[in-house]
Amino acid sequence: METTEQRNAFTEGPILRPLIRFTVPIMLALFLQAMYGAVDLIVVGQFAGDAGSVSAVSTGSTMMNLPMMIIFGLTMGATVLIGRKIGERNYEEAGEIVGASVVLFAIVGAAFTALMLALCHPFAQVMQVPEEAYDFTIQYVMICASGTIFIVAYNVLSAIFRGLGNSTLPLIFVAIACVVNIAGDLLLVAVFHMGAAGAAIATVAAQAVSVVLSLAIIRRTKLPFHFRRSYIRLNVPHIAGIVRLGFPIALQDTLTNVSFLVVNAVINNMGVITSAGYGIAQKVTSFILLIPSAFGSAMSAFVAQNIGARRPHRARRAMFYGMGLALGMGVFMFLLSFFFGDRLAAIFNGEAAIISAAAEYLRGFSFDCLMVSVLFCFTGYFNGCGRTLFVMVQGLIGALAVRMPFAILMSMRPEPTLFSIGLATPLASLTSIVLCAVYYRHYRKNDPLEGQMSE
């Protein structure tokens, strides 16, 4: 059984090989997830053609990232809690946490559907969406918001299986969604010329199909515990545990995303071409950051199981292994985005002015490829240790005290450039790395569990 074998590999024997084996499917899943979002922009850019539609999809997807970030942050609480119980070999309680997660996120999904439908107009106004893209943006957000429950379901299923040590099933889930989304985009945008609205319909349909087929696959999957329907209930202690671990991550991700929304609003005010170029660059960066993001996600589950098994030395070694691997690949991504940003942007759009704007932003952003290779492994480690409050604090300092003010300051210059605005992100990451390094020394020195746990 894969889950049991993965659990043993996490807490016993060599570290590097099982860490890589667990990380690669997460990396592939993130790649497909990025493709899932990028296909909308590629198809709209190539077949709708106008900058308004491109800006609508890029801005609308940025707006939809807000609930997605909150949901992902909360599900991380479930991943860590389940991973901890699996490391302790307390399978019965792990099953109860799975059931509590189903109830909690059903409520969260319903709430966010209503919220996004109600707030799409105010969001668009706050973000200063260009007039040419405004109606398209509203259509895109309202349609996508209607499928929020499917976004929640996918993230919950993925979080549960990552906590169990299974990263293959989440890869299958997102692969299904990616295939359906590509087919839907080509049909609705390229054939029926429905523009941004067609891309949104394809996105929701793909999410729905993925969840339905995923549930069918799960029914045939062997778990380390017998899952009972009685587990699906309002289990207050377990829900409180999930929220306690996940809420700080969700709040940090939310306010970090708000900082990006502010940057997006600042750039939207610079014109539709600049807005479209920034949107293209954001899609490119979603691919560039796949590797460090995968290591960060893998680190949380790997560390959680080792902390549950009372093996903190393995958890620390895994963090440093992850940093080394991610940084080695980060150097390549830095060079690619700094020197060949125009070629990367051309994949998404053929208009020279938009490509030029995207490449300019990517040159400034490119330094973040190096920073996040270290930062995401740090935060994944602290999440796995249950230190999510610190992860929230360092993230907010980087986002609200560095990235957002710096971007606003650069936009106020007589001739603002996307290069200078792009520098705001690596500066924020560098600040967070310094905070993580200081806290890591403090954590090792003062955590009483460190002295009680053995290799």
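Modeller: Phe123 counts as partly exposed because its relative accessibility is 22%; buried means under 20% relative accessible area, exposed over 50%, and partly exposed in between, with a 1.4 Å probe and protein chains only. This is a predicted model, in which local features need pLDDT of at least 70, side-chain atom pairs count only at pLDDT 80 or more, and totals for chains, interfaces and linings use all residues. Residues are numbered from 1 along each chain as its sequence is written, and side-chain values use heavy atoms, leaving out hydrogens and water.

Biologist: Where does Phe123 lie, and which residues does Phe123 touch?

Modeller: Phe123 belongs to helix H4 (residues 91-126); helices are DSSP runs of H or I with at least four residues, numbered from the N terminus. Contact means heavy atoms within 4.5 Å. Not counting residues up to four places away in sequence, Phe123 touches Met63, Leu66 and Met116. Gly60 is 63 residues from Phe123 in sequence, yet their C-alpha atoms are 9.6 Å apart.

Biologist: How many aromatic pairs are found in the whole structure?

Modeller: Rings of Phe, Tyr and Trp (its six-membered ring) pair if their centres lie within 6.5 Å; planes under 30 degrees apart count as stacked, over 60 as edge-to-face and the rest as tilted. The search finds 21 aromatic pairs. Tyr361 and Phe365 are stacked, because their ring centres are 6.3 Å apart and their planes are at 15°.

Biologist: How are Tyr361 and Phe365 placed in helix H14?

Modeller: An α-helix has 3.6 residues a turn, so residues three or four places apart point the same way. Here, Tyr361 and Phe365 are 4 residues apart in helix H14 (residues 352-365), about one turn. Tyr361 is buried at 2% relative accessible area, and Phe365 is buried at 3%. Phe382 and Phe390 instead form an edge-to-face pair, with 5.2 Å between centres and 75° between planes; both residues are buried.

Biologist: Which residues touch the most other members of the largest nonpolar core?

Modeller: In soluble globular proteins, nonpolar side chains tend to be buried together. A nonpolar core is a set of buried Ala, Val, Leu, Ile, Met, Phe, Trp, Tyr and Cys residues joined through side-chain atoms within 4.5 Å. The largest has 62 residues, of which Met64, Tyr140, Ile280, Ile288 and Phe348 touch the most other members. Helix H10 (residues 272-288) gives the most to this core, with 8 residues. Another core, of 37 residues, lies apart from it and includes Ala29, Ala94, Ile160 and Phe161.

Terms used
Helix = DSSP H or I, 4+ residues; strand = E, 2+ residues; numbered from the N terminus.
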